[in-house]
Amino acid sequence: MSKSTPKAKPSDDSSEFRSLQNHFLIAMPGLDDPFFQRSVTYICEHNQEGAMGLMVNQPVDMTVAKLLEQIEIEVPTDKYLQLAHVYTGGPVATDRGFVLHTPQQGWRSSLQLGNDIMITTSRDILESLGSDQAPAKFILALGYAGWDPGQLEQEIADNSWLTIPADADILFNTPTPERWSKAAERLGFDISQLSSQAGHA
């Protein structure tokens, strides 16, 4: 997010640190940053140097097929690519593409983040979309969200975010408008009824 100076300092005791990699951040109803309101962010990396994640429920007005055309990749006659939207992953490096997808090896630059979620940043996966070589399910995002050391921990302490382990079913099978509420339902309540003063999980 865009806070300039983290309020919390990273702990000197590494045993106290709890990584949220492969978790969802669910924006609390009271989060007033317009970029992150009602957002669900998948945390790709989180360590004592900071965190990086991709919003997964904020589509932009561009289809995957249109993006592929713009970067001069031949677009197969695949109806899904014509309908699937690109997502804004966050406000940082908005010209960089990230693909979250179901596990499939063989790409030049990939990282397995969970049992059923990988991230790939190389062009070869884009060239495969719409073909038999493509991952079974994917989300294509431009840009990412980043946090300085201690910043994400402070924002959670300030009740900006709820956290839950990531769920591939929410990522790949849940309609985009429902991801925020469905992710919160994993905690057992209706987030739309939650006060912005409520605690975090």
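Author: First, a term: buried means under 20% relative accessible area, exposed over 50%, and partly exposed in between (1.4 Å probe, protein chains only). Of the 201 residues of the chain, 46% count as buried. This is a predicted model, where local features need pLDDT of at least 70, side-chain atom pairs count only at pLDDT 80 or more, and totals for chains, interfaces and linings use all residues. Residues are numbered from 1 along each chain as its sequence is written, and side-chain values use heavy atoms, with hydrogens and water left out.

Now the pocket. A pocket is an open set of points on a 1 Å grid over the protein atoms alone, where a 1.4 Å probe fits, with protein on both sides within 12 Å along at least five of seven lines. Lining residues have an atom within 4 Å of a point. The largest pocket holds about 330 Å³ of space, a volume filled by probe spheres set on the points.

Its lining has 22 residues. Nearest the centre lie Tyr80, Ala84, Phe138, Ile139 and Phe172. Helices (H or I, at least four residues) and strands (E, at least two) are DSSP runs, numbered from the N terminus. The chain has six helices and ten strands.
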